[in-house]
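Visitor: I would like a close look at a single part of this model. Please take the protein surface that faces the DNA.

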Number of protein chains: 2
Amino acid sequence: MSAPVNKRVTIREVAAAAGVSTATVSRVLTGEPGIGAATTASVLETARRLQYRPSAAARRLRTRSSSLLGVVVQSLGDGYVGEVVLGIQSRARDHGFRPLFFVSEGQTRLEAEAVDVFLSEQVQEFICVSPTQKPHILRKAVDNGFHVSVVNWDPNISAGLFDDIERGSAKNTARFGSHSVEKSIWEVKFDDLGAGMLATNHLLALGHRKLAHVRGPNVRSSLLRLLGFRRALEAASLWPQPVVVAEDPVLEARELAIADFLRRQHPPLGIVAYDDLSAVAALRAANLEGWRVPEDLSVVGIDDIPFAAYTNPGLTSVAQPKPELGALAVDLVLAGSDEPPLPRVLDGHLVVRQSTASVSRKPDGGAIRRPSRKAVPATTGAADRTRSRRGNGVT
Amino acid sequence: MSAPVNKRVTIREVAAAAGVSTATVSRVLTGEPGIGAATTASVLETARRLQYRPSAAARRLRTRSSSLLGVVVQSLGDGYVGEVVLGIQSRARDHGFRPLFFVSEGQTRLEAEAVDVFLSEQVQEFICVSPTQKPHILRKAVDNGFHVSVVNWDPNISAGLFDDIERGSAKNTARFGSHSVEKSIWEVKFDDLGAGMLATNHLLALGHRKLAHVRGPNVRSSLLRLLGFRRALEAASLWPQPVVVAEDPVLEARELAIADFLRRQHPPLGIVAYDDLSAVAALRAANLEGWRVPEDLSVVGIDDIPFAAYTNPGLTSVAQPKPELGALAVDLVLAGSDEPPLPRVLDGHLVVRQSTASVSRKPDGGAIRRPSRKAVPATTGAADRTRSRRGNGVT
DNA sequence: TTGTACGCGTTATCAG
DNA sequence: CTGATAACGCGTACAA
């Protein structure tokens, strides 16, 4: 029908072809009221026939607004961000906005550049998904007059607070990770504390009485999940329980740290992992030590990343409402409210797969045929509750 | 120092403050030659002082070019796309371009919309990562005059061709998935055939003589990987070997289909899986049937998605050069060459982890302490090479 | 209900 | 080497 054109079709050509003025075409296309039905139809028809595409640049120049929503993500690929992005995109569309993505690769330099790009592009609102711990980008965004929403900003926490929760009285720990910059920022976060409790209570409900926690890095979410673990156990009068610390973030290191811990334990045991990747480390450690999952060891993760369904066995996990987090961030930042920006916290929900089971369950009595396999007897049993050294160790 | 401004700083204000004309400011900022060093410095200084940001919209309107590179990606669940995107972004930057991402969620409707958006935004070049099988979006992009690069376009293939390779002579199968649209498109693809051979040869080198392939869906990559499996075995005079077909793409269904197959086999066995997710299904099936990996069963995946490092045990896989695929797509589409667009094929490389081992390896002789576990003896051993029915079955 | 004319911020062109 | 000015494509106040 129509050949590819090298030159853009402008509003003038549409107007000429339809026998009306450019103003009329513009009004029809922007949906302004007060245009005759006949002309409207005619204009729409010729615009379509000529393959007319309004120039976003000209429109923005004239309008001084872009309906663009700047979104900074660390990477588009880790599965977690991807699902948050889905929520952002869908809700932005509902508001008549289009997300403009900027991939920061976790580099501070690129994060700073993102703000410049957004400024040049007349981006109107600003959303940041899991930014780096340093608040530089948020500071810069706020300084340049942006409304900002942050999804799961996870600032660093001093190691001392972790000790307080593990061994101290754990009082007055209601607020963590407060930061001066937060005052002008809408924070949307996952209920990390509740997730820790949910995971722990799940194991308690399954009859587990001996539990352990695999701690995450020194960030807020890590602290809160640990606290949730403690709270749930305190409510059941089962506190304290051991906390495994693997400061080396490499999978194999964490796996070995957990295996080291398992060697001093007896089944059945329940593990609440900081996140799904930690849970994977636990699954591998179990394999290493000959513990069967879930017969000897139940493992719960947190986050429910897409891969949780693919672990072996499938990982029970407390799911973050990822698209909802993104959608809420859009709502807040577009509302442009002048209320003091209170952090919004969304609840997680438990997704039960095959990595957790009731302790009363017979060792080989599952529905799935599974070869018998001797559990390795615990070895020393000593030094359970003494941190061996600074570094990978057990509390 | 400077308060956040509500109104944009324009080039005129910079010119006034620097005591020069707007033309001079423009020339300095765009890096045009022929401006005095003194004025250049002065302009740069005042621009910085006033926090001047050139308006991308005005620039594009005037220049009629945007240095924008439209990138359409599918949903981002498996981390694969994320790594390709990294390569795209980095190389685009080298060329002075900025990627404009559009997430299609795999929906044809959104893919079509992407073209419209890119047209409105004056996007200059077009890259599509793993589009849906339907070539609608490519057709539309080409019709609108875009130069197009496609990374790993995986068109549907008729089931008959698979039968040819599995049971036929496998001649004249050099070209698959040709499509009329391809003529005006730069295709960048992974060497699926070579990957299938690489994976198979790896198992052969480990001493495996009894192999099997887990087939993928009816798409080109699936066909080529199967062909690679066959070619490598033919070269070793070991063809034919069984091919497991699980048409239901759900993980559990594939797991059961593979378990069903294993039940008729004896260890040691080597499995070349269509992709890493299929390999995961094989790992889980092995667990179900009591086969130890890698002592009884070696499993190789293809793609090397990020999660491959987290499976239990870690998955040996043929890695796609993901960033390089993205980078090459950028180079090709920006070259604007008039040469006939020949498809470019990039090689994979083997990443050895713990899911494969030599068949001569003693069952429990690994470096890692692993509890002994009896291999389940094969049951019937019959009907190995007869497809049971249409659907999940074994060839 | 529709048309005319101006300006959004920038760069290209032409003078000087 | 630098300045004045038109034009890019569109939306809108104002006039008709």
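Visitor: How many residues surround DNA strand D, and which are the closest?

Guide: This is a predicted model, in which local features need pLDDT of at least 70 and side-chain atom pairs count only at pLDDT 80 or more, while totals for chains, interfaces and linings use all residues. Residues are numbered from 1 along each chain as its sequence is written, and chains are lettered from A and ligands numbered from 1 in the order in which they are written.

DNA strand D is surrounded by 27 residues, the closest being I11(A), A58(A), A23(B), T24(B) and G36(B); a residue is near a strand if its C-beta atom, placed from the backbone, lies within 6 Å of it. At least two residues of this surface come from each of α2 and α4 of chain A and α2 and α4 of chain B, where helices are DSSP runs of H or I, at least four residues, numbered from the N terminus. The most, six residues, come from α2(A). By class, the surface near DNA strand D has 10 nonpolar residues, 12 polar and five charged. Nonpolar covers Ala, Val, Leu, Ile, Met, Phe, Trp, Tyr, Cys and Pro, charged covers Asp, Glu, Lys and Arg, and polar covers the others, Gly among them.

DNA strand C has 27 residues around it, with S21(A), A23(A), I11(B), S26(B) and A58(B) the closest. Two or more residues each come from α2 (22-30) and α4 (56-63) of chain A, and from α1 (11-18), α2 (22-29) and α4 (56-63) of chain B. Here α4(B) gives the largest share, five residues. The surface near DNA strand C divides into 10 nonpolar, 12 polar and five charged residues.
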